[in-house]
Structure formats: structure tokens, C-alpha cells
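Here's a quick tour of a protein chain for you. Take a look at the sequence and the 3D view, then read on.

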Amino acid sequence: MSVIPLVFTSGWASGINAYAVVLLLGLLGRFGGAESVPPALERTDVLVAATVLFLCEAVADKIPYVDSVWDAVHTVIRPIAGATIGALLASQDPGSLGEVAAGAVGGTTALISHGIKASLRMAINTSPEPASNIVASILEDLSVAGLVTLAIFHPWLAASAAAVLLLVGALLVWFAVSRIRRFLARRREKKAGRGAPAPAGQGGGASRMPY
């Protein structure tokens, strides 16, 4: 079986929540009998660290603006995690894909999905209420859990779903950016209109009376 779809899916998921990916793969490998999971992810110390970091992210990811700071910090961490997981997965199936190539696929996919997630979260933070952040975070966690689990048993189906989510996310970012640009353009036009000089005869000063 080719490891490419599993690497792609884990890369996408790592860009959303890398700690959840490590934790899920480790648990599935250790207790679920998933042979495609490398032993390095099944170690007790790795699972404990992933659990603690996952809980920290579960809290930070649901607080407006704190989530964006958390995303900024993880701009490097998530792609590195995606690349590392991809290389480890490839090491379990040497005849499928080289570890360097798998690392490149996992890291690149994680970087793209992270950029989409961070951009959408910045757009969501323009809303004054915190409920949207909580809902978005829960949906992201459920998507990661569902696709990573699906990737172990049906890798190509999971990779197809991850590709669709990647495309949908990119379209949502484009839509959000275009809306923000239009809003800023209208705001500049209003400011320019208020600052323009009034036409002759319509000013606030008194008109000169004829003698």
C-alpha cells in the first residue's frame, strides 16, 4: 500500500493541530494495531507530551486573539511536525516513498493548511463574540480526529477528503480577504468624501451681502 495518502492527510492535519495528530497516531498504533504507525510515535513519553500539549492547544485555540498568537508561534512547529511525521511514516514502508520526499510532502501540506487556518482565525477574530472561535476550534479538532482515523483504514478516501477541505479553506480565505479589501476601500472613500472641500456657495461661512 502506498504511504502517500497517509502522509498527505497527516500533513494536512498537522497544519491544523499537530499534537492531536501525534497523539491519535500513537494511540492507534499502540492500542489499535495500526501497522503503518511508526514505533517512535507509540512511545509513552511521546504520548504523554502530546497529550499535555494537545490540552494546552485545546484551551488556547478557543480564546479570541490568543488563538492567533498561538498560530503565529506554531508557524514553524506545525510544518516541522508534518515533515517529521511524513518521514517516519515513510520509514515504515521503504518501498513506497523516500523519507526525504515524504517529509517534503508532509511539511508542505502542513504549511499550507496552517496558513489557511491562521488566516481564517484572524478573520473570525474580527467578530466581537467568542462563540465562533469555540465552534471553529471544535470543528477543526473533529475534522483532524476523523480524517486521521480514516487515513489508517482508508487512506485514499481520507486524502481525498483532506484535499477537498484544503481547497474549500483556500476559497474561504480568498472570500474573506476580498470582503475585507472591499470594506477597507469603502472606508477610505468615506474618509476622502468627508475631507473634500465643500463646493462654492455651500460652505459653512456666511455669504457676502451686496451693498
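Predicted model: local features only at pLDDT ≥ 70, side-chain atom pairs only at ≥ 80, totals over all residues.

Residues are numbered from 1 along each chain as its sequence is written, and side-chain values use heavy atoms, with hydrogens and water left out.

**The overall fold**

- The protein chain has 6 helices and 0 strands; here helices (H or I, at least four residues) and strands (E, at least two) are DSSP runs, numbered from the N terminus.
- Going along the sequence, you get the pattern α-α-α-α-α-α.
- Of the 211 residues in the protein chain, 36% are buried. Buried means under 20% relative accessible area, exposed means over 50%, and partly exposed is in between (1.4 Å probe, protein chains only).
- Take the contacts between residues at least 6 apart in sequence: 73% of them join residues at least 24 apart. Contact means heavy atoms within 4.5 Å.

**Helix 1 meets helix 4**

- Two packed helices are described by the angle between their axes and the distance between the axes.
- For helix 1 (residues 4–31) and helix 4 (residues 99–124), the axes come within 7 Å and cross at roughly 35 degrees. Axes are lines fitted to C-alpha atoms, for helices over the stretch in contact, and angles run from 0 to 180 degrees between N-to-C directions.
- The crossing of helix 1 with helix 4 is right-handed. A crossing gets that name if the near helix is turned clockwise from the far one, and it is left-handed if the turn is anticlockwise, by less than a right angle.
- On the helix 1 side, the residues that meet helix 4 include Val7, Phe8, Gly11 and Trp12, and their partners in helix 4 include Ala102, Val105, Gly106 and Lys117.
- Sorted by class, this contact has 7 nonpolar, 7 polar and 1 charged residues. Ala, Val, Leu, Ile, Met, Phe, Trp, Tyr, Cys and Pro count as nonpolar, Asp, Glu, Lys and Arg as charged, and the others, Gly among them, as polar.

**Two pockets**

- Rolling a probe the size of a water molecule over the atoms shows where empty space is left.
- On a 1 Å grid over the protein atoms alone, a pocket is an open set of points with protein on both sides within 12 Å along at least five of seven lines, whereas a cavity is a set of points where a 1.4 Å probe fits but cannot get out; lining residues have an atom within 4 Å of a point.
- The largest pocket has a volume of about 520 Å³. Grid points are joined across faces, edges and corners, and a volume is the space filled by probe spheres set on the points.
- There are 22 residues lining the largest pocket, and Ile116, Leu120, Glu140, Gly169 and Leu172 lie nearest its centre.
- Helix 4 gives the largest share of that lining, 7 residues.
- By class, the lining of the largest pocket has 14 nonpolar, 5 polar and 3 charged residues.
- The second largest pocket has a volume of about 270 Å³, and of its 14 lining residues, Val22, Leu41, Val46, Ala81 and Thr84 lie nearest its centre.
- Helix 3 gives the largest share of the lining of the second largest pocket, 5 residues.
- The lining of the second largest pocket divides into 13 nonpolar, 1 polar and no charged residues.

**Residues to click on**

- Val21 lies in helix 1 and counts as buried because its relative accessibility is 0%. The C-alpha atoms of Val21 and Val144 are separated by 7.2 Å, though the two are 123 residues apart along the chain.
- Lys117 in helix 4 is buried, with a relative accessible area of 3%. Leaving out residues up to four places away in sequence, Lys117 touches Gly15, Ile16, Asp61, Asp71, Arg78 and Glu140.
- Tyr65 sits in the loop between helix 2 and helix 3 and is exposed, with a relative accessible area of 55%. Phi of Tyr65 is near 75 degrees, a positive value in a residue other than glycine.
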